[in-house]
Amino acid sequence: MKSAVIVFPGSNRERDMLYALEKITGEKPIAVWHTETELSKVDLVVLPGGFSYGDYLRTGAIAARAAIMDDLRKKADQGVHVLGVCNGFQILCEAGLLPGILVRNSHLKFVCRNVKLEVANANTDFTRKYAQGQVWRCPVAHGDGNYFTDAETLARIEGENRVVFRYAEGTNPNGSLNDIAGIINERGNVMGLMPHPENEIEPLNGGTEGRNLFESVLEAVA
Amino acid sequence: MKARIKVMLKNGVLDPQGKAIEGALGSLGFAGVASVRQGKLFEVELAETNPAKARAALEEMSKKLLANTVIENYAIELDEK
């Protein structure tokens with residue numbers, strides 16, 4: 001599987017993501033600087049975590065208007081798989097590729113800890129390697145992870161089974177609506193989540209269930 | 001032309017920063033502060049001299065970048081002198 005990681009000024013998890021992708025897919029992913037205007041032919045594009053543009057204006061707001069985003073939108077329309085993690089999720093929301101927005105954690109504190117994630121929909125290209133309802137440990141590190149949207153949109157994404165991951169067992173770290181940790185677009189090829197699956201891939205991380213996410217995509221594009 | 005764009009959270013959207021500020025005002029002894037909402041103010045200088053065109057451009061700027069209309073409203077004030 002060919003993959004690319006888009007790098008913005010202020011991204012800081014791109015190396016973890018590049019490492020995880022190479023480890024799991026067996027192919028070296030390419031890093032793409034945000035000023036480029038075209039992505040090469042890849043099966044998966046990842047927007048990594050970090051603090052693009054220092055979170056100026058709103059988290060992800062400036063990065064969502066970067067030059068590379070037009071082509072990302074085009075690729076997403078063509079069905080290419082797109083994954084946004086943490087700041088990447090915020091950017092996908094700001095770019096309108098996913099509904100809603102991530103706002104300041106309700107308690108105003110930055111959280112850096114492990115949460116329990118429940119697989120709310122195991123029937124997606126990003127989650128088929130999980131069991132429905134499976135709960136796994138995953139780290140989060142964010143100040144703006146509080147998922148918010150209007151009641152109508154919330155009802156729609158819930159009704160369409162587009163909530164992919166939820167914080168489980170009372171571990172919602174940010175006040176997110178309906179414990180939402182990750183959502184997917186209507187077509188099922190663009191997903192965003194706040195937790196960091198790329199940091200839960202080796203026994204040394206304390207768990208390897210983050211691999212399932214990447215292995216699901218690997219299988220989907222095979 | 002000069003303009004100001006005020007961006008505020010919509011009613012019903014939780015504003016934890018406003019709440020924290022409200023609490024701090026209380027601890028400073030300001031009694032009777034019923035609520036504080038925090039927003040953003042943008043001062044924009046435009047080369048455009050036609051007020052209608054300037055307003056249209058500011059609308060676009062607000063919609064496309066300055067405000068996220070999922071959670072925020074914006075109001076444009078234009079100095080037409």
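What share of the 81 residues in chain B is buried? Select chain B and colour by burial: buried residues make up 16% of the chain. Here, buried means that 20 or more other C-beta atoms, placed from the backbone, lie within 10 Å of the residue's own.

A word on ground rules: this is a predicted model, where local features need pLDDT of at least 70, side-chain atom pairs count only at pLDDT 80 or more, and totals for chains, interfaces and linings use all residues. Residues are numbered from 1 along each chain as its sequence is written, with chains lettered from A in the order in which they are written.

Stay on chain B and switch to the C-alpha trace, which spans about 50 × 30 × 15 Å along its principal axes. Now show the cartoon and follow the sequence: the pattern reads β-α-β-α-β, with helices (H or I, at least four residues) and strands (E, at least two) taken as DSSP runs numbered from the N terminus.

Next, bring up chain A and pick out the contact (C-beta atoms, placed from the backbone, within 7 Å). Nine residues come from chain B and 13 residues from chain A. On the chain B side, helix α1 (residues 16-27) gives the most, with three residues.

Last stop: helix α5 of chain A, residues 210-221. Its buried residues include A:R211, A:F214 and A:L218. Show what covers them, and you'll find α1 (14-25), β3 (44-47), β4 (81-85) and β7 (135-142) of chain A included.

Definitions and conventions. Contact = placed C-beta atoms within 7 Å. Buried ≥ 20, exposed ≤ 12 C-beta atoms within 10 Å, placed from the backbone.
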